[in-house]
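Here are my comments on the model, written for someone who will read them beside the coordinates. They are set out as numbered points, so that each can be taken up separately.

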Amino acid sequence: MAALDGLPSMTRSLSLDFDLAPPISALQKTATPNAARFGCDRKSLGLFGGGDQKGRSRMILKPVKAIEETKTPSFIVNGIVQPEFELTNGCNDMTAGEIPRWMSANGGVTNIVWHTCSVGKHDRETLLQQKGCVIWITGLSGSGKSTLACALSRSLHSRGKLTYVLDGDNVRHGLNSDLGFKTEDRAENIRRIGEVAKLFADSGVICIASLISPYRKDRDACRALLPEGDFIEVFMDVPLQLCESRDPKGLYKLARAGKIKGFTGIDDPYERPLNCEIVLQQIPGVRTSPCEMAEKVVSYLEDHGYLQA
């Protein structure tokens, strides 16, 4: 406590249970004008004074229920109530009188605003010496998507490039564990992975998403999340017969026996990409190794400047 002797008495009286000095009665003289200015008083603010055994007054904050569907939320900036504001200078403080920039969100919520940080995507890419993007590998079950994703990640890692693989099955163990395989669940599965992939790309990481993603409109929706050129769709063009002959997880056999409903390629459609960036074909009788396919993707990244900042 000796270190606090030089501080004002009000500061010395602060404690972890929010004891405040001087007493509330003394604070009323200064707090009342501002409270009246904002159209409220101590009672409406939920502030109640009370003494403890030491004679000091204590301010108790009454729980306040959140207000829903706020039309014009207010913020206090430099002591002045501001109905709206905009963040303009990275992480700098707000200033009064700025133009509002409200953003809509899911559920129709409009009283949120994007907070911009002074460290942006370009800064992160410069640090990593690469450009963030999403490599979206799509195709039938058994077409080799996950195998390619891992081979591609290894190849880029050996070049000193930072990647992260979002595997369709792996994501369903955590983030998407609440989703099934109905049409609406598949759409939500893709939407969530697309949003996560976008965050990885914004961080400067080369994100490799590997999942069936059978519906064209869902893949296109993920493409629309990113700047033009940052979504690289890779189509594993492998015939159904070849995929079914591989059947690494035994799923085709179960689907043919009627034990799995809505299985892509059997009783649920797969919509081939129309304008994908890369097509990797595999023909029965012609074996192409995962490393060879990965190098084709790496060549595309090199040619389009993604492996340097």
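The points below begin with confidence and overall make-up and then turn to individual residues.

1. Basis of the note. This is a predicted model, in which local features need pLDDT of at least 70 and side-chain atom pairs count only at pLDDT 80 or more, while totals for chains, interfaces and linings use all residues. Residues are numbered from 1 along each chain as its sequence is written, and side-chain values use heavy atoms, with hydrogens and water left out.

2. Confidence. The chain has a mean pLDDT (the predictor's confidence in each residue, from 0 to 100) of 77, and 65% of its residues reach 70 or more. Over residues 1-105 the pLDDT is below 50, although in the model this stretch has 124 contacts beyond near neighbours in sequence, a contact being heavy atoms within 4.5 Å.

3. Overall make-up. The secondary structure comes to 11 helices and 10 strands, taken as DSSP runs numbered from the N terminus, with helices (H or I) of at least four residues and strands (E) of at least two. Of the contacts in the chain with a separation of 6 or more, 65% are accounted for by residues 24 or more positions apart.

4. Surface and burial. The chain exposes about 18,800 Å², of which carbon and sulfur atoms supply 57%; accessible areas come from the Shrake-Rupley method with a 1.4 Å probe, and for residues only the protein chains shown count as cover. Buried residues make up 34% of the 309 residues, where buried means under 20% relative accessible area, exposed over 50%, and partly exposed in between (1.4 Å probe, protein chains only).

5. Aromatic pairs. The count comes to 4 aromatic pairs, under a rule by which rings of Phe, Tyr and Trp (its six-membered ring) pair if their centres lie within 6.5 Å, with planes under 30 degrees apart called stacked, over 60 edge-to-face and the rest tilted. One of them joins Tyr252 and Phe263 edge-to-face, at 5.0 Å centre to centre and with 80 degrees between the planes. Because Tyr252 lies in helix H10 (residues 251-256) and Phe263 in the loop between H10 and strand E10 (278-281), this pair ties together parts that are 11 residues apart in sequence. Both Tyr252 and Phe263 are buried.

6. A charge over a ring. Arg172 lies over the face of Phe181, at 4.0 Å from the ring centre; the rule asks that NZ of Lys or CZ of Arg be within 6 Å of the ring centre and within 35 degrees of the ring normal.

7. Cysteines. How many disulfides does the model hold? The count comes to 0, with a disulfide taken as a pair of cysteine sulfur atoms within 2.5 Å. Cys222 is buried at 3% relative accessibility, whereas Cys291 is exposed, with a relative accessible area of 54%.

8. Phe231 and its surroundings. Phe231 belongs to strand E9 (residues 231-237) and is buried, at 2% relative accessibility. Leaving aside neighbours within four places in sequence, Phe231 is in contact with Val134, Trp136, Arg219, Cys222, Arg223, Leu226 and Glu277. The C-alpha atoms of Phe231 and Glu277 are 8.8 Å apart in space, although the two residues are 46 apart in sequence.

9. Lys198 is placed in helix H7 (residues 183-202) and is partly exposed, with a relative accessible area of 27%; beyond its neighbours within four places in sequence, Lys198 is in contact with Val134, Leu225 and Leu226. Glu292, in helix H11 (residues 290-303), is also partly exposed, with a relative accessible area of 45%, and its C-alpha atom is 9.6 Å from that of Leu152, 140 residues apart in sequence.

10. Positive phi values. Gln129, in the loop between helix H4 (121-128) and strand E6 (133-138), has a phi near 55 degrees, a positive value in a residue other than glycine, and is partly exposed at 41% relative accessibility. Ser213, in the loop between strand E8 (206-210) and helix H8 (216-223), has a positive phi near 40 degrees, and Ser213 is buried, with a relative accessible area of 3%.
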